[in-house]
Amino acid sequence: MNAKTTRQDFSVIYGVFPTWNADLSALPIRYTYGGVEYAGMPENTRISHEFVDANIFRATFTGIIDNTVEIKLDFTEYRDYPVREWGVTITNTGAENSKIIENIRMGGEFAGTFTKLDYSNGETVTNDGFEMREEYLKDTDNFSLESIYGFPCRDAFPYMQLWMADRSFRVAIGYSGMWKMNLCRTENGISYTVGQKRCHMYLLPGETIIVPKLTVMGNAGDEAHSRNLWRRWYFDHILPREFGEKIKPAYILHNWMCEGKEEFTAATEENQCGALRRYVDHGLTPDIWWVDAGWFPCNGSWVDTGSWFPDPERFPNGLAPIGKLCEKYGTRFLLWFEPERVRPNTGAWLEEHHPEWIVHKFQFDFSREVCRDWMTNHVDNLIKESHVHIYRQDSNKNVGDAWEELETEDRLGAMENQHVQNYLKYWDELILRNPGLWIDSCAGGGKRNDLETMRRAVPLQYTDMGLGHHLVKQKQYRLMFEWIPYFRSHNQSWDVDGEYVEHPYSTFIDGKRIFFRDTDEFAFQTAMTPSITSMTHYTSEDEIFAVDRKMVPIWRAAAEIEMRGDYYPLTVCRVDPSDWYAMQFDDSDAQDGFVQILRNIQVKEDTFTAKMHVEPGRIYTFTERSTGETFKKTSEELEEGLTATVPHRTAKLYFYTWENK
């Protein structure tokens, strides 16, 4: 990769956080307890430290206030990247309720000349989400961001970058509930605080709460250097592993909407196993076989959740035959769950057997350990019995509604905090009990993809919006490639005669599934992401299967480079059908990369010149695998850009290698 960490990058982070055992009062934790404001750690703090491995150093600061309330701050220093992290837990070790603790926040000040903040609105459940925005603060202006509805990525993205005159800081928030961030211009630079959005509570005896974790990366380079330094750190330290190896690109197939019914409400052992066999027989062996909502007893409606066992009428042998068939083909079996929701008045098992575990209409109370323990044991057994390899968790209810409705004035944020802790412990236990298990994070799309969640999961459904709207996806890709670089896209195409259809669900004609467009090469070109779901139906004719057989190797080659190369967006993403779309990934270690130039559906010009990232003194050899086109260019020849002629509704994907002159 080109984004090598430099001494200057480390100088930036050391300039703000000079040493791990700094003045206790300077540690980045602030809170109010019993009406008294506290800064840093108390004087009675004990300090322990260790090297987790050669590149990770960790120190723990443990102090006591009011003789009974323990404040524990964990500091992590990455020695291979200019990254620092702080996480705080607060525990009432006494026998009585604590005094009110409130306004707990992590933060500090970045000294220097502040220029701007780069941030995003996150998942808005509309096509307007995933927008990259800028904010400029003047004088003593204040600016705040906060997430809503109980999720960390709903209407605010917990990843942002603060730019100074000669440096920048990437900041990520690790909290899987609602957070709030405040920025304020100061005489010396910019101050920042991050905390739980609602926090005013006493602690019960023995109760522990967590504080949103703060991760900061320093950077002395330009935008490209900063972006790719973060990507490298993410792949090295955040992306989950499968048996010790980084999760790899995945080609995904499924058989949904059987018999024309919604989602997987008509799925059976026969139609799932039969579809998988037909794909394999036609040369398409998926990395993942996807079974989504509706495999459980649900009255023909996938939203009728709360009975987490295979529908005995449709799966008399359970789900194990599907899981075992997947293992025969070397395919991972993915299964959907939504444990936080129990649909009322539907005969759901949980409602009938444990109504005391359901709060606020139809929310499973994850704030209680007994609920977490039951769900952990039950789902773990199902994973093992069914040979499930990927646990997919969705959340289509605004979980924050229950917290706001049920929490009292002196316990604001307490139920939420316990829910968040148990949600993470639940995942940790599933991973611990099932080595190699993937977790797919989905919350009605990408509403729960904070950094703590991403340490345990990948967002295979990072949004529910624009799955076949190429322009919307391009805007989403721009944000995801930069901050959460492993994700999945669909190769759906919702364009008809140069326009996009808003809700192009598939239909059936004479028993055959009909989409607005069959899978074609352009559909693959618009979904060149680390993982991909092909919408080629298992009943398709062989000429349609042939598209996948041709394009999957091309996609896979691109995806592998995306997971090891530096990312360079070459065009803006304005959701304008008359715009070109181009991107580049370059791996200087492997001396290869690719440039994609895609002609959107209303582009009038036939040619486009992409100003690709080029290093001097090289000879580049390009190959367009779809057409077999090959050519060479020197660095000097590419200074003006790479020009391609691209027919209507197609794209060029130029793989390249290079050598020094």
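**Reading a helix, a loop and the cysteines**

Guide: This is a predicted model.

Visitor: How many residues does α3 have, and what does it reach from its first C-alpha to its last?

Guide: Helix α3 covers residues 269-281, 13 residues in total. From first to last C-alpha it reaches 18 Å, close to the 18 Å expected at 1.5 Å a residue.

Visitor: Which residues of α3 are buried, and what covers them?

Guide: Buried means under 20% relative accessible area. In α3 the buried residues are Glu269, Asn271, Gln272, Cys273, Ala275, Leu276, Tyr279 and Val280. Their cover includes the elements β19 (250-254), β20 (288-291), α4 (320-328) and α12 (542-562).

Visitor: Where is Thr268 found, and is Thr268 buried or exposed?

Guide: Thr268 lies in the loop between β19 and α3. Its relative accessible area is 17%, so Thr268 is buried. Leaving aside residues up to four places away in sequence, Thr268 touches Arg314 and Phe315.

Visitor: How many disulfides does a search of the whole structure find?

Guide: A disulfide is a covalent bond between the sulfur atoms of two cysteines. The search of the whole structure finds zero disulfides. Cys298, for instance, is in none, and the nearest cysteine sulfur, that of Cys258, is 12 Å away. Cys298 is buried, with a relative accessible area of 2%.

Terms used:
Residues numbered from 1 in each chain as written. Predicted model: local features only at pLDDT ≥ 70, side-chain atom pairs only at ≥ 80, totals over all residues. Heavy atoms only, no water. Helix = DSSP H or I, 4+ residues; strand = E, 2+ residues; numbered from the N terminus. Expected span 1.5 Å × (residues − 1). Buried < 20%, exposed > 50% of the residue type's maximum accessible area, 1.4 Å probe, protein only. Contact = heavy atoms within 4.5 Å. Disulfide = S-S within 2.5 Å.
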